[in-house]
Amino acid sequence: MEKIVSLCKRRGFVFPSSEIYGGLAGFYDWGHYGVALKNNLKKSWWNKFVDARRDMFGLDSALILNPKVWEFSGHVAGFSDPLEDGKQFNVMFKTSVGAGEEATPAYLRPETAQGIFVNFKNVVDSFHPKLPFGVAQIGKAFRNEIAPRDFIFRQREFEQMEIEYFVRGKEWEKYFEYWRGEMLGWIKEVGIDQKKVQELEVPEKDRAHYSKRTIDFEFDYPFGRKELFGLAYRTDFDLKNHRLEYLDEETKEKIVPHVIEPSLGVDRVVLALLLSAYSEDVKNKEVRVYLKLKPQIAPVIACVSPLLKNKPELVKYAEKIFSELKREYGRVEFDDNGNIGKRYRRQDEIGTPYCVTVDFDTLTDGTVTVRDRDSGKQKRIKVSGLIQYLGEKIE
Ligand code: ATP
């Protein structure tokens, strides 16, 4: 963990929040590479579960909802953790809306799910979806955790990717199994080490107040086996409490759909991914650290360098290649700092899969070296075929 935390700070992934004032427990700020990594993860999730499907609708609801939402959802009464002396502490963050005597108490949302439930009627009226269908949302959630800890694992402000999948009550088991497979498929796709993931069937006494069945998908973090994401059968609990229903076209009856909820924390996925990707080997008698991230997820796909920074003909050539790759992939860097070995080590540490170097042979034969992060091996590739070469590798 120490190595990951220090790499994240050194290389600009994650910083302790408001650090110059001593930080604030449970809050973190995300640097350039951290934002890129999170964006790639969110894009991959959204592509798979929204864009590639016909039965899913996107949503971006407000962070502060009418406080009645949290009464009817059961959070005011039940979203608590026990304090040491046994007193129950509600972990919802309180705030107030409006000025002076008009100010009304409110909460920062502790989950994105309720934003979806309270928009159920809007989604149905706007898009007329047939059951089963889902609504997906990515966004911040806030919990005043009694003991935030383990870096970005347990924070007070974090980000969730949640799906509420609405089904007919009698079909919940089928779709529960279906989503179990889909979620496991996605975490494998993005590169989380499957050997470190275990399923825990959550016993009734430990389940959230709304759930009739929950599986916690746990990850073997260095601080123990802990929840990475959850899959819950929320029954018709939420829609019923919000007095929402659905006209079933098949039977012409009004019903209350049941809900299967795959709920993922972006930050916990980032941590599991970094732990899965973190690698060390020995190169030239030195320990080399590299992140074995997939090209789709890595913050930077390729870094272009001139072999020497004081040779204008090499720099010019490298800049031309850089501009072309940047136009094609966006996530491309130019680096002419220090010597080439140092540049490779810097890119290895942030998980860049390919480094492209322009040297003197480039000027005569139009080829560059492409270095593979994991093997450290270099290959000479024609500049004219570079985009195609990288494109094939990335796919
Ligand atoms: P835990 O038991 O670890 O407190 P939870 O069961 O309360 O988690 P859920 O309410 O199921 O968590 O939230 C869905 C997902 O949101 C979790 O699987 C996790 O990935 C993420 N999450 C929950 N709380 C936090 C937190 N404090 N910091 C970061 N991510 C969190």
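## Overview

Of the 395 residues of the protein, 36% count as buried, a residue being buried if 20 or more other C-beta atoms lie within 10 Å of its own, exposed if 12 or fewer, and partly exposed in between, with C-beta atoms placed from the backbone. The structure is a predicted model, in which local features need pLDDT of at least 70, side-chain atom pairs count only at pLDDT 80 or more, and totals for chains, interfaces and linings use all residues. Residues are numbered from 1 along each chain as its sequence is written.

The protein has 13 helices and 22 strands; helices (H or I, at least four residues) and strands (E, at least two) are DSSP runs, numbered from the N terminus. The C-alpha trace spans about 75 × 55 × 45 Å along its principal axes. Among contacts between residues at least 6 apart in sequence, 62% join residues at least 24 apart, where a contact requires C-beta atoms, placed from the backbone, to lie within 7 Å.

## Domains

The protein is divided into domain 1 (2-275) and domain 2 (300-394), with bounds that come from an automatic or database domain assignment. The C-alpha centres of domain 1 and domain 2 lie 39 Å apart.

## The seven-stranded sheet

An open sheet of 7 strands runs in the order β3-β8-β9-β15-β12-β11-β10, with mixed pairing; two strands pair if DSSP finds at least two bridges between them. The edge strands, each pairing on one side only, are β3 (56-59) and β10. On average, neighbouring strands of this sheet are turned by 25° against each other, direction ignored. Helix α2 packs on the sheet and touches β3, β8 (133-142) and β9, its direction making about 160° with that of β8. Such axes are lines fitted to C-alpha atoms, for helices over the stretch in contact, and angles run from 0 to 180 degrees between N-to-C directions.

Strand β10 (residues 197-201) has 5 residues, of which the number buried is 0, so it lies largely in the open. It pairs with β11 (residues 213-221) in the antiparallel sense over 5 bridges, and Gln198 stands opposite Glu218 in β11. Strands β11 and β12 also pair in the antiparallel sense, over 9 bridges; here Arg213 stands opposite Tyr233 in β12.

## Surroundings of the ligand

Around the ligand there are 15 residues, of which Phe158, Gly230, Ser263, Gly265 and Arg268 come nearest; a residue is near a molecule or strand if its C-beta atom, placed from the backbone, lies within 6 Å of it. The elements that give two or more residues to this shell are β9 (157-167), β12 (224-235), β15 (258-265) and α9 (266-277).

The shell divides into 3 nonpolar, 5 polar and 7 charged residues. In this grouping Ala, Val, Leu, Ile, Met, Phe, Trp, Tyr, Cys and Pro count as nonpolar, Asp, Glu, Lys and Arg as charged, and the others, Gly among them, as polar.

In helix α11 (residues 340-350), Tyr344, Gln347, Asp348 and Ile350 are buried. The buried residues of α11 pack against α2 (32-51), β17 (286-291), β18 (302-306), β20 (354-358) and β21 (367-372). Gly351 follows α11 and has a positive phi, near 85°.

Gly330 lies in the loop between α10 (312-329) and β19 (332-334). Gly330 counts as exposed because it has 10 C-beta neighbours inside 10 Å. The C-alpha atoms of Gly330 and Val300 are separated by 8.6 Å, although these residues are 30 residues apart along the chain.

How values were computed. Contact = placed C-beta atoms within 7 Å.
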